[in-house]
Amino acid sequence: MKFKSSDFMFQLFALLGAIILVHAIYVAIIRPNADALIQEQMAREEAGETYAQQRSLYIVMRDYEQEACFVLMLWAMAIMGLKAHRSMRERKLLDQALLNVSEGTPILPEDARDLSRPIQALPEDERNFLLPRALLTALQRFGSTRNVAAVSNSVKEVCETEGDRLDSELAMVRYITWAIPSIGFIGTVRGIGEALAQAHRAVEGDIAGVTVSLGVAFNSTFVALVISIVIMFFTHQLQLMQERLVLDTQNYCDNKLLRFLKVS
């Protein structure tokens with residue numbers, strides 16, 4: 001329950017921080033430069049000048065849909081960064097000798113309690129990691145059942161449950177990944193609607209408003225799709241890291257504990 005509340009608070013403050021940071025950048029840098037460029041282009045068009053219109057990054061990013069996409073991107077990155085940090089902390093335990101067992105020394109059911117003490121002495125946050133939980137579950141099961149097959153099944157169940165939990169915790173990241181292209185399409189619909197509303201001006205020869213509205217439509221979709229590709233890449237890397245952690249934990253239990261178990 002403690003981890004769930006801390007995760008919720010982190011996600012809440014990460015969202016607020018992303019909103020404040022992105023909005024400040026837009027207000028101070030992006031929108032002023034984009035508005036200046038648009039006014040310059042419209043002034044040239046009204047003056048009848050012939051010039052090569054250049055795509056500016058400020059204009060591509062200026063609208064509210066792009067701002068929302070960047071907010072969601074930073075939010076997703078913060079959530080994935082927290083989970084990646086935890087996975088790296090858990091992986092460090094795989095390099096430690098949590099079980100004081102010499103090579104070739106059998107582990108009897110009577111030894112389970114003594115072997116559990118160093119694991120139970122770990123700090124509370126480390127004791128809640130996957131590897132200590134799997135080892136403690138295996139030792140307790142071995143001491144109570146004196147059955148090696150039951151111990152193997154208990155380790156497998158703990159690892160499978162942890163894999164399902166890690167996968168379910170990525171639900172928010174998956175939602176953000178889905179929401180970003182959707183916001184881009186909202187910008188597309190809004191831009192096309194504004195362009196159609198100004199179609200009568202284009203017939204009269206004034207295409208400036210239609211051009212700006214169509215720019216909103218295409219720019220929002222472009223930015224949203226690019227951000228979605230980036231987030232999907234990091235999401236798959238995080239999933240790969242978590243899956244490897246679960247598999248390596250199961251292998252650790254097999255190599256460091258299960259193969260030494262013996263029932264006299």
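How many salt bridges does a search of the whole structure find? The search finds 15 salt bridges, each defined as a side-chain nitrogen of Lys or Arg within 4 Å of a carboxyl oxygen of Asp or Glu. The model is predicted, so local features need pLDDT of at least 70 and side-chain atom pairs count only at pLDDT 80 or more, whereas totals for chains, interfaces and linings use all residues. Residues are numbered from 1 along each chain as its sequence is written, and side-chain values use heavy atoms, with hydrogens and water left out.

**View A. Salt bridge between Arg86 and Asp7.** The two side chains meet at 2.7 Å, N to O. Arg86 belongs to helix α3 (residues 64-93) and Asp7 to helix α1 (residues 2-47), so the pair ties together parts that are 79 residues apart in sequence. Helices are DSSP runs (H or I, at least four residues), numbered from the N terminus. Asp7 is buried at 11% relative accessibility, and Arg86 is partly exposed at 25%. Buried denotes under 20% relative accessible area, exposed over 50%, and partly exposed in between (1.4 Å probe, protein chains only).

**View B. Salt bridge between Asp35 and Arg62.** The side chains meet at 2.9 Å, N to O. Asp35 lies in helix α1 and Arg62 in the loop between α2 (57-61) and α3, so parts 27 residues apart in sequence are tied together. Asp35 is partly exposed, with 29% relative accessibility. A network of salt bridges links Asp35, Arg62, Asp63, Glu65 and Arg190.

**View C. Salt bridge between Lys83 and Glu169.** The N to O distance is 3.3 Å. This pair links distant parts of the chain, 86 residues apart, with Lys83 in helix α3 and Glu169 in the loop between α7 (148-168) and α8. Lys83 is buried at 8% relative accessibility, whereas Glu169 is partly exposed at 25%.

**View D. Aromatic pairs.** Two aromatic pairs are counted, where rings of Phe, Tyr and Trp (its six-membered ring) pair if their centres lie within 6.5 Å; planes under 30 degrees apart count as stacked, over 60 as edge-to-face and the rest as tilted. The rings of Tyr175 and Trp178 have centres 5.7 Å apart and planes at 35 degrees, so this pair is tilted. Both residues lie in helix α8 (residues 171-197), three residues apart, a separation of about one helical turn. Trp178 is exposed, at 54% relative accessibility. The rings of Phe233 and Phe234, with centres 5.4 Å apart and planes at 75 degrees, form an edge-to-face pair. Phe234 is partly exposed, at 39% relative accessible area.

Conventions: Helices (H or I, at least four residues) and strands (E, at least two) are DSSP runs, numbered from the N terminus.
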